[in-house]
Amino acid sequence: MKTSHHGQMSESFLTAVFLSLSGGLQDAYTYLFRGKVFANAQTGNIVLLSANLMDGNWERVLHYLVPLCAFALGVLTAEKMRERFREMRTLHWRQLVVLGEGLLLFLVGFLPQEQNLLANAIVSFACAMQVQAFRKVNGYAFASTMCIGDLRSGVEALCIWRKTHEPQARDRMVRYFGIILLFAIGAGIGSRSAALLGGRAIWICCGFLLVSFALMFIREDLEENPVIEKDLTEIRQETREINHALKQELQEEHRELKESTEPRKK
């Protein structure tokens, strides 16, 4: 299976490998070690929030409401970072997201279990930045922090491939199921490392994110750089104008040639 990135390394399968491992580890870490809260799967948190709300268990309501709000804030922060740092030349804006996520998760490793509410909020916030910033792999929509969308897309690609035998459908199927497998491996690593390392198990995620950060130096994202995109737009416009001018000149020359030959025919 090729790992070409179709224009930007932040959307390559290789980068998605380490992001998916990190996503699975984060979910296992918060659920198994930080009080059965999902860092990534906010649907589960909403279900548990609603159940505790109906039971009048207000302390547990807060337990799930805070990570949910932190996740929403993380999405907002990532979007603001994209708007603010898209023109940055030294680093890609997605690298800043990964760097910020890694630093936040590193701090979580120092928090005792008495501060699980804060720890879960930080992990949910960091996870939301990742899921908002990295939404494609080789041009296909994907999620590195949850599996429901990837599973749906993978099964859909399987059905298309069985019917048409298109190589593109097979490639898409393999990539989606590969990402799900990597997420599961990350969750397994999270389970084992939480038992052995406790709160510091989250630091393994920092290692995965550091690799993703380094990979994105391989190639700049040209398509989303507004400066380059503007230059390309101007070049295309100038090319169209030149082409139009040349057509007009040829038409005029053809008309003049036709007029000059008409008297001779008479």
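1. A polar contact is taken here as a pair of N or O atoms within 3.5 Å, where, within protein, one atom must be able to donate a hydrogen and the other to accept it. In this predicted model, such a pair is found at Gln42, where a polar atom of the side chain lies 3.0 Å from the backbone oxygen of Ala39.

2. Gln42 belongs to helix H2, which covers residues 42-55, and the residue counts as buried because its relative accessibility is 9%, where the cut-off for burial is under 20%. Once neighbours within four places in sequence are set aside, the residues in contact with Gln42 are Pro67, Leu68, Phe71 and Ser124.

3. Helix H4, residues 93-108, has 16 residues and spans 23 Å from its first C-alpha to its last, which is close to the 22 Å expected at 1.5 Å a residue. Its buried residues include Trp93, Leu96, Val97, Val98, Leu105 and Val108, and also Arg94, Gln95 and Glu101. The cover over the buried residues of H4 includes helix H1 (13-33), helix H3 (58-85), helix H5 (116-133) and helix H8 (203-215).

4. For the protein as a whole, nine helices and two strands are assigned, and their order along the sequence is α-α-α-α-α-β-β-α-α-α-α. Of the contacts between residues at least 6 apart in sequence, 73% join residues at least 24 apart.

5. As to burial and surface, 42% of the 266 residues are buried, while the accessible surface comes to about 15000 Å², with 62% of that area belonging to carbon and sulfur atoms.

Technical notes: Residues are numbered from 1 along each chain as its sequence is written. This is a predicted model: local features need pLDDT of at least 70, side-chain atom pairs count only at pLDDT 80 or more; totals for chains, interfaces and linings use all residues. Side-chain values use heavy atoms; hydrogens and water are left out. Helices (H or I, at least four residues) and strands (E, at least two) are DSSP runs, numbered from the N terminus. Buried means under 20% relative accessible area, exposed over 50%, partly exposed in between (1.4 Å probe, protein chains only). Contact means heavy atoms within 4.5 Å. Accessible areas come from the Shrake-Rupley method with a 1.4 Å probe; for residues, only the protein chains shown count as cover. The expected span of a helix is 1.5 Å times one less than its number of residues.
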